[in-house]
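The following exercises are to be worked with the sequence and the coordinates at hand. Each task is followed by a solution in steps.

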Amino acid sequence: MAKLKVYEYPHPILKQKAEKVEAVDDEIRKFLDDMLETMYASNGCGLAAPQVGVSKRVVVVDIAHEGEEPSPIYMVNPKIVWKSDETEICEEGCLSLPSLRAEVERPASVKVVYWDYNGAECELLAEDFLAVAIQHELDHLDGVLYIDHISRLKRQMLVKKLEKIRKEQSGN
Ligand code: NI
């Protein structure tokens, strides 16, 4: 396995619509392994392929807490087929927008269909934080970031904060 480079905002690949995967083969499985390792190494609970510079419809999610048994979910060509009318507000962060967090409102439950690690067709009804994580990651496949769901003013504030943090880190 190999840890991959995480692309950060405003890299243009994060705004692209990702391509469908033809089949879950060994190459995709190796990529899924690398994505999972990268996500764990960055303490993330989800990672989408565009975030590591690959414009493919591939996502990994694991919402297990530290100290709990890992429970990775591998999703190839995932698609949300149902969303609840009920919504929930949750604080989100993103490895492509390091150090930032913001509250986002989304459907509280979703049903998603996808191919798993072995290429089997799966259907999952996700609720609560898993539903948030899945919607956040699937957004990445369509070039959407969580900051696209908040007001323009809040988004501008967050981007300014990110620029300030980067300046501080570079020592200028
Ligand atoms: Ni993200």
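The exercises below concern a predicted model and treat its metal site, a helix, strand pairing and salt bridges.

**Exercise 1. The nickel site**

Identify the protein donors of the nickel ion and describe where the histidine donors lie.

*Solution.* 
1. The nickel ion has as protein donors Cys94 through SG, His136 through NE2 and His140 through NE2, at 2.1 to 2.2 Å.
2. Along the chain, these donors follow the spacing C-x41-H-x3-H.
3. Helix H2, residues 128-141, holds both His136 and His140; they are four residues apart, about one turn of the helix.
4. Buried means under 20% relative accessible area. His136, at 6% relative accessibility, therefore counts as buried, and His140 is likewise buried at 1%.

**Exercise 2. The faces of helix H3**

Check the span of helix H3 against its number of residues, and determine which of its residues are buried and which exposed residues lie on the face turned away from them.

*Solution.* 
1. At 1.5 Å a residue, H3 should span 26 Å, and its end C-alpha atoms are 26 Å apart, so the two values agree.
2. The buried residues in H3 include Leu158, Val159, Leu162 and Ile165. Seen down the axis of H3, its buried residues fall within an arc of 120°, and therefore they line one face of the helix.
3. Strand E5 (102-107) is included in what covers these buried residues.
4. The face of H3 turned away from the buried side carries exposed residues: Arg152, Leu153, Met157, Lys160, Lys164, Lys167 and Glu168.
5. After H3 comes Gly171, with a positive phi near 80°.

**Exercise 3. Strand pairing**

Trace the pairing from strand E2 to E3, from E3 to E6 and from E6 to E7.

*Solution.* 
1. E2 (residues 58-61) pairs with E3 (residues 73-83) in the antiparallel sense over four bridges. Val59 has Met75 in E3 as its bridge partner.
2. E3 and E6 run antiparallel and are joined by five bridges; Val76 stands opposite Trp115 in E6.
3. E6 (residues 109-115) pairs with E7 (residues 121-127), again in the antiparallel sense, over seven bridges. Here Ser109 is opposite Glu127 in E7.
4. Five residues lie between E6 and E7, which form a hairpin; in the turn, Gly119 has a positive phi of about 85°.

**Exercise 4. Salt bridges**

How many salt bridges does the structure hold, and which parts are tied together by the pair Arg166 and Glu8 and by the pair Asp142 and Arg57?

*Solution.* 
1. The structure holds eleven salt bridges.
2. In the salt bridge of Arg166 with Glu8, the closest N and O atoms are 3.2 Å apart. Arg166 lies in helix H3 and Glu8 in the segment before helix H1 (26-41), so the pair ties together parts that are 158 residues apart in sequence. Arg166 is partly exposed at 28% relative accessibility, as is Glu8 at 33%.
3. Asp142 and Arg57 meet through their side chains in a salt bridge of 3.0 Å, N to O. Asp142 lies in the loop between H2 and H3, and Arg57 in the loop between strand E1 (46-48) and E2; the pair therefore ties together parts 85 residues apart in sequence.
4. Asp142 counts as partly exposed at 35% relative accessibility, whereas Arg57 counts as buried at 12%. Salt bridges that share partners join Lys17, Arg57 and Asp142 into one network.

Terms used: Residues are numbered from 1 along each chain as its sequence is written. This is a predicted model: local features need pLDDT of at least 70, side-chain atom pairs count only at pLDDT 80 or more; totals for chains, interfaces and linings use all residues. Side-chain values use heavy atoms; hydrogens and water are left out. Donors are N, O and S atoms within 2.8 Å of the metal (3.2 Å for Na, K and Ca); water is not among the atoms, so sites may look incomplete. Helices (H or I, at least four residues) and strands (E, at least two) are DSSP runs, numbered from the N terminus. Buried means under 20% relative accessible area, exposed over 50%, partly exposed in between (1.4 Å probe, protein chains only). The expected span of a helix is 1.5 Å times one less than its number of residues. The arc is that of the directions from the helix axis to the C-beta atoms. Contact means heavy atoms within 4.5 Å. Two strands pair if DSSP finds at least two bridges between them. A salt bridge is a side-chain nitrogen of Lys or Arg within 4 Å of a carboxyl oxygen of Asp or Glu.
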